[in-house]
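This briefing goes through one protein chain topic by topic, beginning with a single residue and its surroundings. Please keep the sequence and the structure in view while reading.

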Amino acid sequence: LTLEFLKIQKETEDNRNQLLSLTANLRKLNSDLEYIKSFNESIINSIKISIVVLNERLEIIRFNPVAVSLLRLSDDQKNINFFKKFPEFNTEKIMSAVNMALYKKRMQLVEEVSFTKDNEQIILDIIVSPFVGEMGEIKGIIMMIEDRTEMVKTKRLLNQSERLATIGRMAAQLTHQIKNPLSTIGLNLEFMQEDLSQNKYNQEDFFKKLNLIRNEIENLVRL
């Protein structure tokens, strides 16, 4: 009996040690998970673009501080359908990207989306990405929304400047093409006027100059 008791006591001690080791490992794992969670939160909060997480029903479940500033989101708007809250985003392109994320696990970029913020029109780029769980299941979507208003305005101004520069070059070229025939016409008219005023009229030479003037006028018409 004593040996049996000692055996049970040893097994109990071993089980206790295993339990203590398991508890310590669980605490460490929990600590690591908390660190990872805190780290992820820090990354999300430090990113300079809006991040909005939606569940499978497209209800708002999480967002970062930039989304608060850009979209005027608040905690009391959680569990509200994102596209009912923001009907401006309920477009064919965005909903197509949402379906791609939910049903095909594919990320998609939607560029230059118009959005009204504080009665002012701004331009956004939106990346719609699948929100995937630990087992690979779809839990919803992540929307990364960036204000591209200033960049798009700058791009449009550059395009406009390029168009104006092209128009300027075309105008300069056209001016040159017009100037040469006009100079020829003006010079021949002066010669003809001079000949007529000095009674040096020569029919052959006169018609030759007229033909030259007519040719230059036809060249101008073809421009």
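**Asn-55 and its surroundings**

Setting aside neighbours within four places in sequence, Asn-55 makes contact with Ile-61, Lys-139 and Gly-140.

- Asn-55 belongs to strand E1, and its relative accessible area of 11% falls under the 20% limit, so the residue is classed as buried.
- A polar atom of the Asn-55 side chain lies 2.8 Å from the backbone nitrogen of Glu-59.

**The chain and the confidence of the prediction**

- The chain comprises six helices and five strands, and read from the N terminus its elements follow the order α-β-β-α-α-α-β-β-β-α-α.
- Of the 223 residues in the chain, 24% are buried.
- Where contacts link residues at least 6 apart in sequence, 42% of them join residues at least 24 apart.
- The mean pLDDT of the chain is 84, with 90% of the residues reaching 70 or more.
- Confidence is lowest in helix H1, which covers residues 2–46 and has a mean of 73, whereas it is highest in H4, at 95.

**Strand E5 and its two partners**

- Strand E1, residues 50–55, runs antiparallel to E5 and is joined to it by six bridges.
- E4 and E5 also run antiparallel, and nine bridges join them.
- Met-144 in E5 is the bridge partner of Ile-51, and Met-144 also stands opposite Ile-127.
- Five residues lie between the strands in the hairpin of E4 and E5, where Gly-136 adopts a positive phi near 85 degrees.

**Helix H4**

- Helix H4 consists of 13 residues, 92–104, and the distance from its first C-alpha to its last is 17 Å, close to the 18 Å expected at 1.5 Å a residue.
- The buried residues of H4 are Ile-94, Ala-97, Val-98, Met-100, Ala-101 and Leu-102.

**Helix H5 and the site of Thr-149**

- The end C-alpha atoms of H5 are 69 Å apart, which agrees with the 72 Å that its 49 residues should span at 1.5 Å a residue.
- Thr-149, Val-152, Pro-181, Ile-185, Asn-188 and Met-192 are the buried residues of H5.
- Thr-149 is located in helix H5, which covers residues 149–197, and its relative accessible area of 5% is under the 20% limit, so Thr-149 counts as buried.
- The side chain of Thr-149 takes part in a polar contact of 2.6 Å with the side chain of Asp-147, and a polar atom of the Thr-149 side chain also lies 2.9 Å from the backbone nitrogen of Ile-123.
- When residues up to four places away in sequence are not counted, Thr-149 touches Ile-122 and Ile-123.
- Just after H5, Asn-199 takes a positive phi of about 55 degrees.

**Aromatic rings**

- Counting rings whose centres lie within 6.5 Å as paired, the count comes to six aromatic pairs.
- One of these pairs is formed by Phe-82 and Phe-83, whose rings are edge-to-face, with 5.2 Å from centre to centre and 85 degrees between the planes.
- The rings of Phe-82 and Phe-89 have centres 5.6 Å apart and planes at 5 degrees, so this pair is stacked.
- Phe-82 has a relative accessible area of 0% and is buried, Phe-83 is buried with a relative accessible area of 6%, and Phe-89 is buried as well.
- Phe-82, Phe-83 and Phe-89 belong, along with Phe-86 and Phe-115, to one aromatic cluster.

How values were computed. Residues are numbered from 1 along each chain as its sequence is written. This is a predicted model: local features need pLDDT of at least 70, side-chain atom pairs count only at pLDDT 80 or more; totals for chains, interfaces and linings use all residues. Side-chain values use heavy atoms; hydrogens and water are left out. Helices (H or I, at least four residues) and strands (E, at least two) are DSSP runs, numbered from the N terminus. The expected span of a helix is 1.5 Å times one less than its number of residues. Buried means under 20% relative accessible area, exposed over 50%, partly exposed in between (1.4 Å probe, protein chains only). pLDDT is the predictor's confidence in each residue, from 0 to 100. Two strands pair if DSSP finds at least two bridges between them. A polar contact is a pair of N or O atoms within 3.5 Å; within protein, one must be able to donate a hydrogen and the other to accept it, and residues adjacent in sequence count only if both atoms are side-chain atoms. Contact means heavy atoms within 4.5 Å. Rings of Phe, Tyr and Trp (its six-membered ring) pair if their centres lie within 6.5 Å; planes under 30 degrees apart count as stacked, over 60 as edge-to-face and the rest as tilted.
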